[in-house]
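Please keep the model open while reading.

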Amino acid sequence: MLWTLLIAHLAGIVVAGVAGRRGIRAGLAAAAIAPAATATWAISRLVGDADPATAELVWVAGLDLGVSFRLDSMALMMTTLVSGIGTLVFVYAIGYFSAGADGGVRFPTALLAFSTSMLGLVWADSVWTLFIFWEFTSITSFLLVGHKNTSADVLRAARRALMITGAGGLVLLAGLLLVAEAAGTTTISELGPITGSSASVAAILVMVGAATKSAQFPFHVWLPGAMAAPTPVSAYLHSATMVKAGVLLVAVLSPAMIDVDAWLWTGLAFGVTSMLWGAIGALRQRDAKLILAWGTVSQLGLLVTVLSLGSGKALFAGISLLFAHALFKAALFLVVGEVDIRTGTRDIAELGGLARSMPIAAAVAALAGLSMAGVPPLLGFMAKEAAIEAGLGLSGPERWIALGAITGGSVLTVAYTLRFWIGTFGPGPATEVAPRRLAMTAPAVLLALAGVLGYVFAGQVTDIVGPAAVEANEKASVYELIRWPGLKTAFVISIGIVAAGTALGWFLSARPVGAAPRTVGADAADETIEATLRFAPDITARVQHGSLPVYLATMIIAVIAATMPFFASAEIDHLVLWDRPLQAGLVAVTIVAAATGAVVGSRLGATLTLGAVGIGVSGIFVVHGAPDLALTQLVVETVIVVGFVLGFGSLAREFPRSSESWQTIRLVLSVISGIGIMSALAFAGSRPTGTAPIEALTDEAVDVGGGKNVVNVILTDIRALDTLGEVVVLATVAVGILALARVRADEVEAAS
Amino acid sequence: MFAQAATSPEVVWSLLWPLLFLSIGGVLLVTVTSVIPALRRPGMPAALTILIGGASFVSTIPVWRRVADTEGPTTVVAGAMSVDAFTVVMTAIIAASVVLTALVLDDYLRREGLDGPEWYVLLLMSASGGVLMAAADDLIVLFMGLEILSIAVYVLAALHLRRTDSQEAGFKYFVLGAFSSALFLYGIALVYGATGSTQIDQIAANLRLPNEAGLTPIEDASLLLAGVALLLVGFAFKVSAVPFHVWTPDVYQGAPTPITGFMASAVKVAGFAGLARVFVISFSEFGSGDLIQDDWRPILAILAGLSLVLGAFMAAGQSDVKRMLAYSSIVHAGFLLIGVHAAGHGDAGVADAGGRALVFYLITYAAMVVGSFAVATVVAGRGDADHGVDAYRGLFRKHPALALMMAVLLFSQAGIPFTSGFMAKFRVLGAAVDGEAYVLAGVAMLAAVVAALLYLRIIVAMFLDDADDEGGDEQVAGSVRKIDVPVGAAISIVLAVIVTIGLGVLPDLGRGVVAAAADVLVNR
């Protein structure tokens, strides 16, 4: 069944692409089919209490690389959320976009592709599969954030999101591999508790990976920027689903991390700072959507805090919160989008009095907001109550940290929720509104009502979140969501939170709205990315300047560095200065010629000295008793000199002047190269090994080739194939020259 | 070795067909086109080249049957060349890239107003040199292959007569290439001095203790290692590994784009084939005490690390796609070097994984890089100069199919799952991790992320940055060049994409082939 659904999604992407050519609404409608079917199926399973479904596709057998899915209770709950909210978002988007909007093909396909990736992530049962779909969600969300690609800011925000979440994915992969190594399996559902120092490293890596995706401080900087996306995308990706991936991961891996201290403390560090910093951020914003975005950072911080505690109660509370959050946050975003479309602004300083002109939206926002604030009779209340209970159930320092953070964060949450509602719908000069669009209103209403129904049917909700929590920690089975706890400590704290939050929110709402602050850290993230991009050309300009002599110098230096150590071990004792004094004379001539060639200013002079060097070397060959070799060398040298002279026709007589410093560099390099080659020869000559092959070669020449000229026999018989090969080389050169000569001829033709 | 050459060696010609098609085909092509003017007409040389390259490719199949299935690996021409699974796979890659390049080249030459059979002759010559390199069982034969390969490519790089860039590229490549060839030759001499042989198997045999030549390798270690270092310099230059990469960006950018594609695929494959054969077979021992690879593997690791980091960082700042791809080829060289590094590991299991990763990477890399440069050829338009990212802006709107294909190829280069590039990187990194080269694997992952940024820039430009939406469509359509995809280029790109996706989704397809080829390197 999982395959069927996956294939249905992939087919849906194609169909949506085709339908999208007729307009964005047709595309969205077509795209909604697959998620709707999946959601229906998932809900029927929720009701029907079925066994986990699994699906596996071995991709590369030898590499333990495959796609493996498993639909356990946790995955089933997430599937319901992903596909259920997904369906509502598609419907909503039909109302959100005007019929003639751009991107009819791109938007629905990208959104459905995201939804598919998210399902894959939720179902994944191997670390590889998880990683692959994790990265897919990063990429598809990048496309969705960059949908309105008109401004540079949007693209920058999209890139920031991609860089942070994409890089986080790699960190996660490293962490997951360590986990798999320690636990001895790559199958997530089989991971057992791991211990040791590698477990600590793994815990930190996984937590960092989760934090990037779930927008935890200091990686949260991408989330507010991602609000540049169309509101359906924000509602779906940046509140209900994608950002939950990290949280989900924390829950899923908690069985493996139960004994790892680093897990708890890293999680608390991320969670607590995010919860507080996010809430403070939400209080400072004036764009209604950004208030919610910062609120999401805060809420995700709460989730990470609670889930990383690891106790049964905490996991039950965390998963309940996750479920509740998905519902109310999606509803709130949908409302903001509706406000935006109908009034043309999201600035709470400009908005006001919408409670009268948009009563349904106001009611939805109120229900969802109260659920977020944790007020009965709503689902959010029961979940938050459970979270406080979980905090109370702890011992040691984490008890106070967790309780303090949950309480403080919740007070701020109540405050920004109130500020958001009053700023948008509260008293003030009424803002003009456009007519209501049913497609936008209905999904928001459904989601808001779900919060109420969740409270009414608390037992059924427990049946959904309970088994999911049990999979993460067996001790979670004894807990349930409680509608009215009576006057217990947790409830007292709740009452205190709501009272304090309301006072704070009221106070802040009364104050004039200040200018929205810039996202601290976002600039830093952009700077880092851009500095890398800037830094790269800088070093490139230094390393890659296009000058051939410098390239050559670079290579010479590298070669010398690579081989010098070996050559330095020459054995001087084996060396003699010369066999005959004549050699010394020839060498002197050669050295003088070479030195002259290096400093002479005219091209002709340089060529002639080069020839002189060659003649000197031929002389040495003669002295060594190889006249034929010397003759060959002489011929070659002559041809080279003639060739050079012919080539001078179109060049200036003198070499171009070069700077002093460059001349010095060249001088130093050539002296070093000279010494290098000399010591190389000395080194090779100083270590005779085995027997010299000369006798074998002489015998061979007579036996095989029947000739006494050993060199000739080697060329024509012993290594005949190589000679043939050299002929091919020559043929290639000939063709090359022919081709280049034709170029020249054509050029002359073109010029005339 | 001399004893073998004493009698006139018997040559099993039937095993040499893939090479003979290319080299004799090249010679024949230059002959017949100069004699029969009708064959010089535009299109004819290309068609003949495709025929020759195709014949060479197809003829690898019976050879494969013999060396991999029935008769086992063998050497021909008195141990000058090995015909084994590795040779055949590399030959097939090179022959395929000849065909794909010729497909692109034909339209390119017409568009640029250039023509002449010599382009194709040089292409075939160069490919035959590459095959010789991949097959060489003797360092001198290897050097010959290197020369044939290189000289033809030097000229090809310079052959775009209207662009001084092109001539500059050819010249630079020639000067630097000649320098590195000289070093390579000197390296051969030193290795011969130290081991008493130039034959790849014999070197390995002589290095084992006690060896036939009565040498004690440990005493000669520094002579041998100096030779090994110089050989490595020569190879590093050919495969453009940092710090011997300096020529790459300029030459890749200056050379005619289809030729750049050929350089990035066939030339690099030949270079790696030679490198792997020489180092993994000659200079590696498995399971014995004093491992010579302990001396060269660290150097290889440094080259790989430098290539990955510098290649990726320098690529990230480029705004010229062709130059970007040049730097990215340096990054790929880094990954491939990791493969060689793992293939030389003392543990046979790791070495096997490394060898397989290397072969798989070479196959997939050749396909995606030829395809990428084919797209660059098409997008640049007449003049072959318009390679900026701006040229790709809004490509999806102008030519959706082309943009999608390019996206697949770039995703593959970036190593995104379900493309062959992912599998290739995965296997290489897996081998590195098996071999406990964690630092190298970590550096490679970092480089992969940075490099992914640059591919994404191109992809983003193609899909998101529709050329100025507000400007009105009619205006835009008027100002933006229309993109025609010639049939030849289209076939070439589609084939490349098929390989890329095919091996990405079903990486097990060529499993036996890859395993057999790697087996040659590792389990000699």
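The charged end of Lys425(B) is placed over the ring of Phe335(B), 4.7 Å from the ring centre. A charge sits over a ring if NZ of Lys or CZ of Arg is within 6 Å of the ring centre and within 35 degrees of the ring normal. This is a predicted model: local features need pLDDT of at least 70, side-chain atom pairs count only at pLDDT 80 or more, and totals for chains, interfaces and linings use all residues. Side-chain values use heavy atoms, without hydrogens and water.

**Charge over ring**
- Arg427(B) lies over the face of Phe360(B), 4.9 Å from the ring centre.

**Aromatic pairs**
- Over all chains, the structure holds 30 aromatic pairs.
- One pair, Tyr92(A) with Tyr96(A), is stacked, at 6.2 Å centre to centre and 25 degrees between the planes.
- Rings of Phe, Tyr and Trp (its six-membered ring) pair if their centres lie within 6.5 Å; planes under 30 degrees apart count as stacked, over 60 as edge-to-face and the rest as tilted.
- Tyr92(A) and Tyr96(A) are 4 residues apart in helix α4 (residues 73–96) of chain A, so about one helical turn separates them.
- Helices (H or I, at least four residues) and strands (E, at least two) are DSSP runs, numbered from the N terminus.
- Tyr92(A) is buried at 0% relative accessibility.
- Buried means under 20% relative accessible area, exposed over 50%, partly exposed in between (1.4 Å probe, protein chains only).
- Ring pairs also link a cluster that includes Tyr154(B), Trp247(B) and Phe373(B).

**Helix α2 of chain B**
- Buried residues in α2(B) include Pro18(B), Gly25(B) and Thr33(B).

Conventions:
Residues numbered from 1 in each chain as written. Chains lettered and ligands numbered in written order.
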